[in-house]
Amino acid sequence: ANTHTHTPDRRMADEDLPKASLNRIIKNSLADQSSVQLSKDAKLALGRTTKTFIHYLTAASNDVCMSSNRSTISANDVLMALAELEFDDFEETLEVFLKEYKAKQATKKAKKEAAKKTATSKSSV
């Protein structure tokens, strides 16, 4: 029995990337070409293509992960999948992003720990 409450069109719309995120990516990609406009169809095509690429890269990353007998996909699995899919050009950019992300996370954690220590020392006075 079919227990889906969504029609196929609604289900596909639910899986689309958020329009605001897609628009921001497109805007940032075309920042140096401000005179370029995109039609609704072009935005839809870019959104669907992006979604397809994400599914494809996720499946390839999962294959890398599974071949290592693990159940959690790591950033390294994604990097290896990019190389296997011959998207090596993205590897350096992603490595830089991951390094910056980890540094930001470490800074946030340190600030949180410092705030916690400050709060603890004030409450014990």
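These legends accompany several close-up views of one predicted model. Residues are numbered from 1 along each chain as its sequence is written, and side-chain values use heavy atoms, with hydrogens and water left out. Because the model is predicted, local features need pLDDT of at least 70 and side-chain atom pairs count only at pLDDT 80 or more, while totals for chains, interfaces and linings use all residues.

**View 1. Helices α3 and α4 pack against each other.** Helices here are DSSP runs of H or I with at least four residues, numbered from the N terminus. The axes of α3 and α4 lie 8 Å apart, at an angle of about 110 degrees; axes are lines fitted to C-alpha atoms, for helices over the stretch in contact, and angles run from 0 to 180 degrees between N-to-C directions. The two helices, α3 and α4, are therefore roughly perpendicular, a label for angles of 65 to 115 degrees. On the α3 side you will find Phe53, Leu57, Ala60, Ser61, Val64 and Cys65, and they meet Asp77, Val78, Met80, Ala81, Leu82 and Glu84 of α4. Contact means heavy atoms within 4.5 Å. By residue class, the contact of α3 with α4 has nine nonpolar, one polar and two charged residues. In this scheme Ala, Val, Leu, Ile, Met, Phe, Trp, Tyr, Cys and Pro count as nonpolar, Asp, Glu, Lys and Arg as charged, and the others, Gly among them, as polar.

**View 2. Five residues form the largest nonpolar core.** Its members are Leu57, Ala60, Val64, Ala81 and Leu82. A nonpolar core is a set of buried Ala, Val, Leu, Ile, Met, Phe, Trp, Tyr and Cys residues joined through side-chain atoms within 4.5 Å. Both α3 and α4 (75-84) supply at least two residues of this core, and the largest share, three residues, comes from α3. Follow Ala81 and you reach Leu57, Ala60, Ser61 and Val64, not counting residues up to four places away in sequence. Within α4, the buried residues include Ala81 and Leu82, along with Asp77 and Leu79. Buried means under 20% relative accessible area, exposed over 50%, and partly exposed in between, with a 1.4 Å probe and protein chains only.

**View 3. Ser61 sits in helix α3 (residues 40-67).** Its relative accessible area is 2%, so Ser61 is buried. Setting aside neighbours within four places in sequence, Ser61 has contacts with Ile73, Asp77, Val78 and Ala81.

**View 4. Helix α2 (residues 19-29) crosses α3 at roughly 100 degrees.** The axes of α2 and α3 come within 11 Å, and the crossing makes α2 roughly perpendicular to α3. Leu22, Asn23 and Ile26 of α2 make the contact with Lys43, Leu46 and Gly47 of α3. Those contact residues of α2 and α3 divide into three nonpolar, two polar and one charged. Take a moment for Leu22, which belongs to helix α2 and is buried at 11% relative accessibility. Beyond its neighbours within four places in sequence, Leu22 has Lys43 and Gly47 as contacts. Leu22 and Leu44, 22 residues apart in sequence, have C-alpha atoms 9.4 Å apart in space.

**View 5. Phe53 and Phe87 form an edge-to-face pair.** The structure holds three aromatic pairs. For Phe53 and Phe87, the ring centres are 5.2 Å apart and the planes stand at 75 degrees, so the pair is edge-to-face. Rings of Phe, Tyr and Trp (its six-membered ring) pair if their centres lie within 6.5 Å; planes under 30 degrees apart count as stacked, over 60 as edge-to-face and the rest as tilted. This pair links distant parts of the chain, 34 residues apart: Phe53 in helix α3 and Phe87 in the loop between α4 and α5 (89-123). Phe53 is partly exposed at 29% relative accessibility, and Phe87 is partly exposed with a relative accessible area of 28%. Ring pairs also bring in Phe90, giving a cluster of Phe53, Phe87 and Phe90.

**View 6. Asn69 and Glu86 have positive phi values.** Asn69, although not a glycine, has a phi of about 55 degrees. Asn69 lies in the loop between α3 and α4 and counts as exposed at 72% relative accessibility. Glu86, which follows α4, has a phi near 65 degrees. Glu86 is in the loop between α4 and α5, and its relative accessible area of 69% makes Glu86 exposed.

Definitions and conventions: Parallel < 35°, antiparallel > 145°, perpendicular 65-115°, else oblique.
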